[in-house]
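Dear colleague,

Please find below the structure that I am handing over to you. My notes on what was found in it follow directly after.

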Amino acid sequence: MSYEVRSLNEECGVFGVWGHPDASRVTYFGLHSLQHRGQEGAGIVANDQGSLNGHRDLGLLSEVFKEDSVLAALKGQAAIGHVRYATAGNGSVDNIQPFLFKFYDGAFALAHNGNLTNAKSLRVELEKDGAIFHSNSDTEILMHLIRRSKQPTFIDQLKESLRQVKGGFAYLLLTETAMIAALDPNAFRPLALGQMKNGAYVIASETCALEVSGATFIRDVEPGEVIIIDDEGYRVEKYTEDTQYAICSMEFIYFARPDSNIAGVNVHTARKKMGKLLAEESPIEADMVVGVPNSSLSAASGYAEASGIPYEMGLVKNQYIARTFIQPTQELREQGVRMKLSAVRGVVEGKRVIMVDDSIVRGTTSKRIVQLLKEAGAKEVHVRIASPPLKYPCFYGIDIQTRKELVAANHSIEEIREMITADSLSFLSEQGLIDAIGLNYDAPYSGLCMAYFNGDYPTPLYDYESTYLASI
């Protein structure tokens, strides 16, 4: 990416419903609860008795569908939707999903969360074979693979295609007769199935979106699975048996909403335990614990509980900053932090503060928050990070793909402490993070992807191998 990354951005969120008379509106509400997963663009495709129609555009969901007539026009009892951040592909409207394809023998819509590690080589191969791409997103590749397949049925074509794409992916497809969910062999990205009271089935990136739509959780989509939903109900099939859990640890640390459950683990509970273990590993004498809103509040409450130091609201977030955007200059970036966060002078003045945050990416935001607290009169600011140092890029759906962007890849903890002007700095250990989440799968790191912290990638990196090697 050409711009500086100010914070971590997850690629996107997907939501779909089958069997509801107002499917597009249910999808809108579901996507609204997934807005934190993508604020760059949004789209919905609906199935009206076999006819697929959609609308997509750049901006927040509420901006894309601000005219009620747009949503009302998407009639039908089934719909899928998508909110987007860019990891592969630029920010043009051509890359906003779901993609809608209409062929002589049928139509289908496709939405994708994740990042393919062999997208570049597959695209070259497909273009040599005559494929024409309408976007530069890696999502479109699956459609071309399906159309090229010689398998007898659509599901067989899909399965063959899923075995060819590599990396992190949660796909949601809508055809004229079914809604289909598919997950990569490592379950990097979460995907859950639920059912509404009227019998409609719902698929969502996070369980919080099921609850918003009034759906009851049925099961997670498992690694290597395809779930086919139609008027007969749902059925589960496998496209590969070569699976091993490596769930993205950043889902638990940062991306997912605290009211979501991933693989049976509540995100708030995991974050709170991260804070508790951090307090045990890195105690410090202080007057109060302060969490950085919003994703660090759970960890901060855990740190306070375990340490016996009072939890206080020393930082307040302005909830009316419409969207997170990347500012072109350092001065504007700092002003952006001021707009989003305020230190409460009446709380922190003259006090020794433990500031708990979920991660440090570049260090610029951490430095600014420490300065906000000190400018508000904090006597000492001790920074505690509820995850290990981020040292390695991600190739499965997070927008950090070089080590240059990661301050911990190039500096010691003491150097980072000096850079962010903290009085002390400590990170949670890798084992502390694994224990806090507590997945306990029979897989490395108990079923978590820990590559961001130790460079141990669960899969080959394919097209990114040279990029990664050049960055070390």
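V356 counts as buried, because its relative accessibility is 0%; buried means under 20% relative accessible area, exposed over 50% and partly exposed in between, with a 1.4 Å probe and protein chains only. V356 lies in strand β20 (residues 352-357). Helices (H or I, at least four residues) and strands (E, at least two) are DSSP runs, numbered from the N terminus. Leaving aside neighbours within four places in sequence, V356 is in contact with V289, V290, G291, V292, S296, A299, A300, Y303 and R384, where contact means heavy atoms within 4.5 Å. V356 and L172 are 184 residues apart in sequence, and their C-alpha atoms are 36 Å apart in space.

Please note that this is a predicted model: local features need pLDDT of at least 70, side-chain atom pairs count only at pLDDT 80 or more, and totals for chains, interfaces and linings use all residues. Residues are numbered from 1 along each chain as its sequence is written, and side-chain values use heavy atoms, with hydrogens and water left out.

After α10 comes G308, which has a positive phi, near 80°.

The axes of α9 and α10 come within 6 Å and cross at roughly 45°; axes are lines fitted to C-alpha atoms, for helices over the stretch in contact, and angles run from 0 to 180 degrees between N-to-C directions. The two helices α9 and α10 are therefore oblique to each other, given that angles under 35 degrees count as roughly parallel, over 145 as roughly antiparallel, 65 to 115 as roughly perpendicular and the rest as oblique. On the α9 side the contact includes H268, R271 and K272, and on the α10 side it includes S298, A299 and Y303.

The UniProt annotation "binding site", from an unreviewed entry, covers S295, D357 and D358. UniProt positions are given in the numbering used here, feature names are shortened, and annotations may be inferred rather than shown by experiment. Although these residues are spread over 64 residues of sequence, they cluster in space, with a largest C-alpha distance of 8.0 Å. S295 sits in the loop between β17 and α10 and is buried, with a relative accessible area of 18%. Not counting residues up to four places away in sequence, S295 touches I253, Y254, R271 and D358.

C12 is in strand β1 (residues 12-18) and counts as buried, because its relative accessibility is 0%. Beyond its neighbours within four places in sequence, C12 is in contact with R37, H82, V83, R84, Y85, H112, N113, G114 and S205.

Finally, in helix α6 (residues 154-162), the residues I155, Q157, L158, K159, S161 and L162 are buried. They pack against α5, β7 (167-175), β8 (179-183), β12 (225-230) and β13 (233-238).

Yours sincerely
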